[in-house]
Amino acid sequence: MCGIVGYVGERSALDVVMGGLRRLEYRGYDSGGVALINDGKITSAKKAGKLVNLDKELQAHPLPLSHTGIGHTRWATHGAPNDRNAHPHLDADGRIAVVHNGIIENFAELRAKLEAAGHEMLSDTDTETVAHLLHDELLHTPDLSDAVRAVCLQLEGAFTLVIADANHPDVVVGARRNSPLVVGRGKGENFLGSDVSAFIDYTRDAIELGQDQVVTITPEDIVVTDFHGNQVETRDYHVDWDVSAAEKGGYDWFMLKEIAEQPQAVADTLLGRYSAEGSLQLDEMRLSDEELREVDKIIVIACGTAMYAGLVAKYAIEHWTRIPCEVELASEFRYRDPIIDRSTLVVAISQSGETMDTLMAVRYAREQHARVLSICNTNGSTIPRESDAVIYTHAGPEVAVASTKGFLSQIVACYLLGLYLAQVRGMKYGDEIARIMTQLEQLPEAIQRMLDEGEHVRELARELSASKSILFLGRHAGYPVALEGALKLKELAYIHAEGFAAGELKHGPIALIEDGLPVFVVVPPKGRDQLRDKVVSNIQEVRARGALTIVLAEDDDEEVAKYADRLIRLPKVPTLFQPLVATVPLQIFACEFAAELGHDVDQPRNLAKSVTVE
Ligand code: M6R
């Protein structure tokens, strides 16, 4: 939700800021804007819509060269997505420029006070109040950072702020509560960004910014304090991927590139976890084996696709560890008074590590004394920082709004967690773990095969692209695959798509079936005969009512082919691992379907990659 950039140094600030915004556009694309300091004045430009509109505006009305600047790409919360509400917002004198990510919950009250004192607001945003509050603060506080701290103490809610002041031409100040902000350390230049991709072209050295902290960057210096001005220790880290990972690399869409990267993402997430001595090692595990032996319940919390990864995980974790495992939407979790205590392990899954619903659920779980382990793809992000332990997925940056390699690598990390728990609790012998690890290590090859056979699925997507509704059915670990297939199609193609547990169909949804309705069915492997036979019956039930069945079944499952109007073959893998291969064609299908309809695959309407508001 909203991408933010700040820069001070020798380069053209406009080039750096616009480059950063392009990389952050996945976070929101309702409007874009920049503000630069030049000759003791702020100059700015902003435009509704994608950054291409801002580019055109800047070509038509170029801004003077500057070496200090800030920028914003917006996912609208307060106020319509138009030019007027686009960031940056300025104070009445045009001296202060502010960009913001998050929601200032007490903005109505603050705005009323400011208006009563004679401030005229030009937008409907919560952000503009910050510019006016800073204006008033700077009347009696000469230092910009002091003024920012004083204003932050008046704000409630979630905010990342980045601020430029015409009277402080070599300074940019950032502040954060709940929403993300990272600092890029350069030589003779420094950067701020919602994530490291904002400045990855220039530096891979970053600093984590903690909760309720203010950072002041100049070309030579980075100073971090709390909201009361006390200097705080920071943690530096080095980003282990480079600029090419954040680019399309010849693909039409980031999503296509990220789908293609899945064998590598799975292999990298498994890499180095299994020692030569034959035991599993999760290096980032900051919970002792003793603590893990005390766990008597697991609750997985996550949103969207990450939550579906949790649904897959439940089958493996319960099977291997015999610990009861619940999976819950993070946005619902803390509102139902869940029964948790010190022996509950809460597993928070989040690709970005910044999803607000998940973060709030993590905080709630810790308040209730549960142990929290996060599974995350973003080093230094808030959720792992606030967890007791973390297993990082090594999928590399995921830019497309629709999560793909994030999903597969989250499932793999959950498997590793399940096996680790089984190991420390003595539920599996070493040779059993070794056998399962070998099966896991074969998965990248099986996933690659699904990619190699993708053209068949793309053809199918083009053939069905006039469909207005598509259903997805699965059972057991195939059920979350059905949910994920439907979510991908909804978010990219904007059509009705629903995933159901195949057995549930006869309890209502079967009424949706009509002549020609495409229905995808994920068939469990043949080894699971009881389960598989039930799904085969479900295929016949929908077919008898006119559905067009698209069946995903194992290579040698000849019987099921009879009931398939279209067949997608899956390599033979254990039932618990089937989601890793069965999801791939559904991702390819949704991507091609949306492209065929002329939609922007990477930036679907109304969405943003990181959902940093509740
Ligand atoms: O960054 P997170 O994994 O926490 O994100 C969770 C969801 O917002 C995300 O998976 C969303 O559902 C995707 N757009 C789905 O493709």
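This is a predicted model: local features need pLDDT of at least 70, side-chain atom pairs count only at pLDDT 80 or more; totals for chains, interfaces and linings use all residues.

Visitor: Into which domains is the protein chain divided?

Guide: The chain is divided into domain 1, covering residues 3-245, domain 2, covering 248-441, and domain 3, covering 455-596. Taken over C-alpha atoms, the centres of domain 1 and domain 2 are separated by 33 Å.

Visitor: How should I read the area buried between domain 1 and domain 2?

Guide: The general idea is that the size of an interface is often given as the accessible area lost when the parts come together. Here domain 1 and domain 2 bury about 1,200 Å² between them, and carbon and sulfur atoms give 51% of that area. On the side of domain 1, the residues that lose the most area to domain 2 are Tyr 26, Asn 178 and Ala 245, which together account for 36% of what that side buries. In terms of contacts, 16 residues of domain 1 meet 13 residues of domain 2.

Visitor: What should I look for in a salt bridge, and how many does the structure hold?

Guide: Side chains of opposite charge can pair when their charged atoms come close. The structure holds 42 salt bridges, and one of them joins Glu 247 and Arg 23, with 3.1 Å from N to O. Glu 247 lies in the loop between strand S14 and helix H6, whereas Arg 23 lies in helix H1, so this pair ties together parts that are 224 residues apart in sequence. Another salt bridge is formed by Arg 385 with Glu 208, whose closest N and O atoms are 3.5 Å apart.

Visitor: Why is the pair of Phe 520 and Phe 589 described as it is?

Guide: A pair of aromatic rings is described by the distance of the centres and the angle of the planes. By the rule used there are 11 aromatic pairs; in the pair of Phe 520 and Phe 589 the ring centres are 4.8 Å apart and the planes stand at 70°, so this pair is edge-to-face. Because Phe 520 lies in strand S22 and Phe 589 in helix H20, the pair ties together parts that are 69 residues apart in sequence.

Visitor: Finally, what does the backbone show at Asp 39 and at Pro 88?

Guide: Most residues other than glycine have a negative phi, and most peptide bonds are trans. Asp 39, although not a glycine, has a positive phi of about 55°, and Asp 39 sits in the loop between strand S2 and strand S3. The peptide bond from His 87 to Pro 88 is cis, with omega near 0°, and Pro 88 is found in the loop between strand S4 and strand S5.

Note on methods. Residues are numbered from 1 along each chain as its sequence is written. Side-chain values use heavy atoms; hydrogens and water are left out. Domain bounds come from an automatic or database domain assignment. Contact means heavy atoms within 4.5 Å. Buried area is the accessible area (1.4 Å probe) that two parts lose on being put together, summed over both. A salt bridge is a side-chain nitrogen of Lys or Arg within 4 Å of a carboxyl oxygen of Asp or Glu. Rings of Phe, Tyr and Trp (its six-membered ring) pair if their centres lie within 6.5 Å; planes under 30 degrees apart count as stacked, over 60 as edge-to-face and the rest as tilted. Helices (H or I, at least four residues) and strands (E, at least two) are DSSP runs, numbered from the N terminus.
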